[in-house]
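Here is a short report on one protein chain. Look over the sequence and the model first, then read on.

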Amino acid sequence: MTSPRIPQNFERPFTRRGLFKGMGAAAAFATVPGALAACSSSSSSKSTGNSGSATAPVTFGSNYSDASPKAAFAALCAAATAAGGPKVTINTVDHNTFQTNITSYLQGTPDDLFTWFAGYRMQYFAAQGLALPLDDVWAKIGGNFSAPVKTLSTGLDGHQYFVPIYNYPWVVFYNKSHFAEKGYTVPTTWDDFITLCKKMKSDGIVPLAFADKDGWPALGTFDILNMRINGYDYHQKLMKHQVPWTDAGVKAVFDQWAELMPYMQTGANGRIWQDAAKTLEQKQAGMMFQGTNQVAAQYVSDNAKLDDLDFFQYPAINPTYGQDYMDAPTDGFMISKKAKNAAGAKAILEYIGTAAAETTFLKTDQWDVGVATGLQAPSYDAIQTKSVTTIAGCKAVSQFMDRDADPAMATAMISIIQKFIDDPSTGNIAGLQNSAEQQAKAIYTS
């Protein structure tokens, strides 16, 4: 449903110590429910996040700024109102601007609802007291989601703060007609992948379309190489700095990536992902590793070209892990702690958190896949259908580096990886690892 749905670096005025201090305060407050009972009815309503009216209008802060996702989100909100919810006014902000200013936005005068991401990114703002707990909403919609999805929606204090709407895999895209014309076959191993890249290059084709001007796309390449080489558990430990960035496993990721760099589109740090996708669409490039909600969303404007689009999982590198893991980020919605109409906002989320809502939504969204159980999606195209089976076939999925890691660390890695793209030489890698470790120590001990 989105264009780039991966968050970028945003303001981070809070220290990590402050985050856990906030969590402790939240936990302590949760142990004294009698304090709520002693309040007056009006103050109790405000304290439990039920201020306002379930029928009064609400506002929704949105980063769905590209044309296709903007239309899909508008259709979802209209459907929520038609189903008996309040009227929704959508306030759309450019995706990257929204991400960059999210902290000051939530501390200032935010909308009632806002678009955001599952996992650590949600937990961070929940722990800072900038998001409203949604336990009462989940009491009504919880049966519509699996236990892992609920976990992704749960803060570090055990309360739910997030209602999901979809997820999407990061995979290698290609055009079926292009592969057929050139006699290319889908690779499943690294050696086959490199052989295919060499063949494409000799044919005058850019093997891999690539862009990283916005900073976040290359994080996905690091993630997949890391999980293919070192596995899912290693990825999670590295994101939490339980493994140092100077570790040999990290060097192995950069070394493997360096082998691939001669086949990746040059000038990536000056190119946006949309322009890279155009080279794939125009068959100037043979493949592109990206999220389905970016590449497929761009193709969806021309159904003939969408029918030609296909993907495969990133090839295996370490046989121990094969193709068991991938990034499949989950997106959804939260309520601002400062919401003027929390009751109305909850009414919207109670609708959104149903299989029927996702089914209706996916009639417009032709690139993501729903996460509600019992979902009926007769409108799924080939990409969506394949996405469902691909995600289901994984032993575990991650949420993407800048959702799994501390926001400041993700920001640091954007700069470090861009420096690697400019100079992937062996001599440069050690310095980049040392820089990452120094910044991680400062971030995770502050």
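Helices and strands here are DSSP runs, a helix having at least four residues and a strand at least two, numbered from the N terminus. With that numbering, His 241 sits in the loop between α13 (232–239) and α14 (248–260). The model is predicted.

**Overall make-up**

The chain has 23 helices and twelve strands. Of its 446 residues, 56% count as buried. Among contacts with a separation of 6 or more, 79% come from residues 24 or more positions apart. Phe 361 and Ala 72 are 289 residues apart in sequence, but their C-alpha atoms are 7.1 Å apart. Phe 361 belongs to helix α19 (residues 355–361). Its relative accessible area is 3%, so Phe 361 counts as buried.

His 241 has a positive phi, though the residue is not glycine. Lys 283 also has a positive phi and is not glycine.

Is Lys 283 buried or exposed, or in between? Lys 283 is partly exposed, because its relative accessible area is 31%, and the band for that term lies between 20% and 50%.

**A buried glutamate**

His 241 turns up again in the surroundings of Glu 437. Leaving aside neighbours within four places in sequence, Glu 437 is in contact with His 241, Pro 244, Trp 245 and Thr 246. Glu 437 itself lies in helix α23 (residues 426–444). What is the nearest side chain of opposite charge to Glu 437? It is Lys 441, 4.2 Å away. A salt bridge needs a nitrogen of Lys or Arg within 4 Å of a carboxyl oxygen. Glu 437 is buried and has no salt bridge.

**The open sheet**

Six strands form an open sheet with mixed pairing. Their order is β2-β1-β3-β10-β4-β11. β2 (88–92) and β11 (369–370) stand at the edges, each with a single partner strand, so one side of each has no neighbour in the sheet. Strand β1 (residues 58–62) runs parallel to β2, and five bridges join the two. Within this pair, Thr 59 has Thr 89 of β2 as its bridge partner.

**The β5–β8 pair**

Strand β5 (residues 170–175) runs antiparallel to β8, with four bridges between them. Asn 175 stands opposite Leu 309 in β8. In a regular strand, side chains alternate between the two faces of the sheet. Strand β8 (residues 309–312) sends Leu 309 and Phe 311 one way. Asp 310 and Phe 312 point the other way. All four of these residues are buried.

Rolling a probe the size of a water molecule over the atoms shows where empty space is left. How many cavities of 30 Å³ or more does a search of the whole structure find? The search finds one. The largest cavity holds about 100 Å³ of space. It is lined by 14 residues, and the closest to its centre are Ala 209, Phe 210, Thr 221, Met 264 and Phe 289. β6 (206–209), α12 (217–230) and β7 each give two or more residues to that lining.

Terms used
Residues are numbered from 1 along each chain as its sequence is written. This is a predicted model: local features need pLDDT of at least 70, side-chain atom pairs count only at pLDDT 80 or more; totals for chains, interfaces and linings use all residues. Side-chain values use heavy atoms; hydrogens and water are left out. Buried means under 20% relative accessible area, exposed over 50%, partly exposed in between (1.4 Å probe, protein chains only). Lys and Arg count as positive and Asp and Glu as negative; His and the chain ends are not counted. Contact means heavy atoms within 4.5 Å. Two strands pair if DSSP finds at least two bridges between them. On a 1 Å grid over the protein atoms alone, a cavity is a set of points where a 1.4 Å probe fits but cannot get out, and a pocket is an open set with protein on both sides within 12 Å along at least five of seven lines; lining residues have an atom within 4 Å of a point. Grid points are joined across faces, edges and corners, and a volume is the space filled by probe spheres set on the points.
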